[in-house]
Amino acid sequence: MSRTLVLNATYEPLGVITERRALILVLNHRATMIEESGSVLHFSGGEIELPSVIRLNKFVRIPYRHAVPLSRRAIFARDGGRCVYCSAPATSIDHVIPRSRGGGHNWENVVSACHKCNHLKADKQLKEIGWRLRQLPREPVGAAWRILGTGQTNARWLQYLEPFGVAAATA
């Protein structure tokens with residue numbers, strides 16, 4: 001079963017749930033279907049379109065927003081799926097300052113890289129081999145990155161995620 005984007009009553013993205021859970025929320029009048037997924041659920045009494053995007057009918061207060069989790073998928077989304085050294089398709093992650101030389105595993109030090117560049121760089125600093133980054137790595141901000149970081153994006157969701165920081169990842 002596919003996934004459904006859940007928006008708060010203010011259209012702020014909250015998360016991703018299964019289509020089944022989303023359908024239950026819509027049928028119990030706790031949410032409104034905004035976008036249909038194109039999938040149809042057939043049952044003895046007829047059929048119903050499954051949701052791709054739903055909006056909660058009541059505002060849900062989120063007391064504290066945690067930082068965007070650092071994951072391989074989130075790094076690839078932030079860097080556009082390209083190697084930061086040569087712009088080839090990324091297949092691995094690399095620490096700009098190698099961990100063996102005191103570099104941390106954080107947003108400002110981890111980038112996406114192709115296998116060739118990652119192997120050539122090895123445990124060297126960028127100055128030693130004369131390389132430069134195309135752009136400085138930074139922690140992504142915005143509610144949309146919590147969804148993009150999971151790697152479960154859908155083209156129908158982009159218009160709802162754009163106001164919340166997704167434009168950089170889709171460019």
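This briefing describes the fold, the sheets, the salt bridges and a few single residues of one protein.

The model is predicted, so local features need pLDDT of at least 70 and side-chain atom pairs count only at pLDDT 80 or more, while totals for chains, interfaces and linings use all residues. Residues are numbered from 1 along each chain as its sequence is written, and side-chain values use heavy atoms, with hydrogens and water left out. The protein has 7 helices and 6 strands; helices (H or I, at least four residues) and strands (E, at least two) are DSSP runs, numbered from the N terminus.

**Overall make-up**

- Along the sequence, the pattern is β-β-α-β-β-α-β-β-α-α-α-α-α.
- Of the 171 residues, 37% count as buried; buried means under 20% relative accessible area, exposed over 50%, and partly exposed in between (1.4 Å probe, protein chains only).
- Among contacts between residues at least 6 apart in sequence, 56% join residues at least 24 apart, where contact means heavy atoms within 4.5 Å.

**The four-stranded sheet**

- An open sheet of 4 strands has the order E2-E1-E4-E3, with mixed pairing; two strands pair if DSSP finds at least two bridges between them.
- E2 and strand E3 (31-43) stand at the edges with a single partner strand each, so one side of each has no neighbour in the sheet.
- From one strand to the next, the twist averages 35 degrees.
- E1 and strand E4 (residues 46-56) pair in the parallel sense over 3 bridges, and the bridge partner of leucine 7 in E4 is arginine 55.
- Helix H1 (residues 19-27) packs on this sheet, touching E1, E2, E3 and E4, and its direction makes about 90 degrees with that of E4. Axes are lines fitted to C-alpha atoms, for helices over the stretch in contact, and angles run from 0 to 180 degrees between N-to-C directions.

**Strands E5 and E6**

- Strand E5 (residues 92-95) runs antiparallel to E6, and 4 bridges join them.
- Aspartate 94 stands opposite valine 111 in E6.
- In a regular strand the side chains alternate between the two faces of the sheet. In E6 (residues 110-113), Val110 and Ser112 point one way and Val111 and Ala113 the other, and all are buried.

**Salt bridges**

- The whole structure holds 3 salt bridges, each being a side-chain nitrogen of Lys or Arg within 4 Å of a carboxyl oxygen of Asp or Glu.
- Lysine 121 and aspartate 94 meet in a salt bridge (3.4 Å, N to O). Lysine 121 lies in helix H3 and aspartate 94 in strand E5, so the pair ties together parts that are 27 residues apart in sequence. Both residues are buried.
- Glutamate 128 forms a salt bridge with arginine 101, with the closest N and O atoms 2.2 Å apart. Glutamate 128 is in helix H4 and arginine 101 in the loop between E5 and E6. Glutamate 128 is partly exposed at 47% relative accessible area, as is arginine 101 at 38%.
- Aspartate 79 and arginine 78 also form a salt bridge (2.9 Å, N to O). Aspartate 79 is buried at 8% relative accessibility, and arginine 78 is buried at 11%.

**Loop residues**

- Leucine 133 is in the loop between helix H4 (126-129) and helix H5 (144-148). Its C-alpha atom is 6.0 Å from that of valine 84, although the two are 49 residues apart along the chain.
- Tyrosine 11, in the loop between strand E1 (3-7) and strand E2 (13-18), has a positive phi of about 70 degrees although it is not a glycine.
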